[in-house]
Amino acid sequence: MIELSKPLSPRQKAAQVIISLGADVASTIYKHLQEEEIEKLTYEITRQESVPPEFSDQAMDEFYGLCVAQKVYLEGGITYAKNVLEKAFGVQQGMALLERVTKTLRTKAFEFIRKADYKNLMNMIINEHPQTIALILSYARADQASAIISELPKNIRVDVVERIARMDRTSPEIIKQVEAILERKFESVISVDLLEVGGINYIAEIMNNIDRGTEKFIFDELNRKDPKLSEEIRKRMFVFEDIIILDNFAIQRFLREVDTKELAIALKGANKDVANIIFENMSQRMGDTVREEIEFLHNVRVRDVEDAQQKIVAIIRRLEDEGEITIAKGGKDDLIV
């Protein structure tokens, strides 16, 4: 049984759409899904025994809006789609739909890159111009891009980050030129009109996955070269210290998945505000265990503390992606349409 005291999560919405479409249509959709997706979706369907009509209607309205947005985008390009969606759904909802669709379509280009091992991808692009590297990484998974940026020579690392952050949209011609460089080793893929790539949000996602040492180096350099850009990226990121902006439910939720030894190491180097709010959301028993672990920690390396904090951040980010918790960074929530 799903919890009805709050809006449906993305997975629950997907399950509602499948239920509403009926068994015949659902079976057709299942043919296009991967095994892992089928498993997760089926699990959500089995949990939704009773859902009020307004929840189901909202999920179907959102699904319909996204279908319309993708159709007009592919048929007429981004300007045409923007005009149609704003007239049909209003400015705010129309822009939210368009943003979600362009982000989804972006992942269809260079799909082979996201399946590649990051080391192979690294070897393939290491000698390219920073702008080319930035464009390719804009199509990679965030974990791939963060791993590659961490291993790039320091003299181009910040340059690549800046170029990704400043990207907006790239024409099909440019994309095809880059694909031509890569197609000797990878299969070609189809690009779409005016694909949205890079940008502040994407580089923030990359930085969220990067190790703390590289993160510090990049921000130190960016603060020196372009303080405004550095601040813009930081505003979109979630770092360990941002745990204080989470609500109690979110903190209690991620604590259920954190190893107490990792948490003790992470808190060894945490500021008092973060430590206090974490302890406030623990059970008495867990709090005593963690405090005991901290007491016996001696000569902990800064790198170990940073790694432990990064693992906790990764758990929080995963729970957000799965719709389990919400991160309201800077007081601005994502729109639910």
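Q: Let's go: is Asn299 buried or exposed?
A: Exposed, with a relative accessible area of 78%. Keep in mind that this is a predicted model.

Q: Where is Asn299 found?
A: In the loop between H18 and H19.

Q: And what is phi of Asn299 near?
A: Near 50 degrees, which is a positive value in a residue other than glycine.

Q: OK, zooming out. How many helices and strands does the secondary structure come to?
A: The chain has 19 helices and 2 strands.

Q: What percentage of the 337 residues do buried ones make up?
A: Buried residues account for 44% of them.

Q: And the contacts between residues at least 6 apart in sequence, what share join residues at least 24 apart?
A: That share is 77% for this chain.

Q: Now the inside. How many residues has the largest nonpolar core?
A: It has 37 residues, and the ones with the most contacts inside it are Leu137, Ile149, Ile164, Ile203 and Ile233.

Q: Which helices each supply at least two residues of this core?
A: H7 (118–125), H8 (130–137), H9 (142–151) and H10 (154–166) do, and so do H12 (200–209), H13 (212–225) and H14 (227–236). Apart from that core lies another, of 32 residues, with Leu246, Met282, Val313 and Ile327 among them.

Q: Back to Ile149. What is Ile149 in contact with, leaving aside neighbours within four places in sequence?
A: Leu137, Arg157, Val161, Ile164, Ile203, Ile206, Ile210 and Ile218.

Q: Next up, Ser146. Which helix does Ser146 lie in?
A: Helix H9.

Q: Why is Ser146 classed as buried?
A: Because its relative accessible area is 4%, and buried means under 20%.

Q: What lies 2.9 Å from a polar atom of the Ser146 side chain?
A: The backbone oxygen of Asp143. Setting aside neighbours within four places in sequence, Ser146 is in contact with Ile206, Asn209 and Ile210. Ile206 and Ile210 are also on the contact list of Ile149.

Q: Switching to H15. Which residues are buried in helix H15?
A: In that helix, residues 248–255, the buried ones are Ala250, Ile251, Arg253, Phe254 and Leu255.

Q: And what do the buried residues of H15 pack against?
A: Four helices: H16 (260–268), H17 (272–280), H18 (284–295) and H19 (302–321).

Q: Since H17 came up, is Glu280 buried or exposed?
A: Glu280, which is found in helix H17, is exposed, with a relative accessible area of 64%.

Q: How many Å separate the C-alpha atoms of Glu280 and Asn248?
A: They are separated by 8.9 Å, and the two residues are 32 apart along the chain.

Q: Last topic, cavities. How many are there of 30 Å³ or more?
A: The count comes to 1. About 40 Å³ of space lies in the largest cavity.

Q: Which residues line the largest cavity?
A: Met207, Asn208, Arg212, Glu215, Met237, Phe238, Val239, Phe240, Gln310 and Val313. By class, that lining has 6 nonpolar, 2 polar and 2 charged residues.

Q: Which helices each supply at least two residues of the lining?
A: H12, H13 and H19.

Conventions: Residues numbered from 1 in each chain as written. Predicted model: local features only at pLDDT ≥ 70, side-chain atom pairs only at ≥ 80, totals over all residues. Heavy atoms only, no water. Core = buried A, V, L, I, M, F, W, Y, C linked by side-chain atoms within 4.5 Å. Buried < 20%, exposed > 50% of the residue type's maximum accessible area, 1.4 Å probe, protein only. Contact = heavy atoms within 4.5 Å. 1 Å grid on protein atoms, 1.4 Å probe; cavity = no way out; pocket = protein on both sides within 12 Å on 5 of 7 lines; lining within 4 Å. Points joined across faces, edges and corners; volume = space filled by probe spheres on them. Nonpolar A, V, L, I, M, F, W, Y, C, P; charged D, E, K, R; others polar. Polar contact = N/O pair within 3.5 Å; in protein donor to acceptor, adjacent residues only side chain to side chain.
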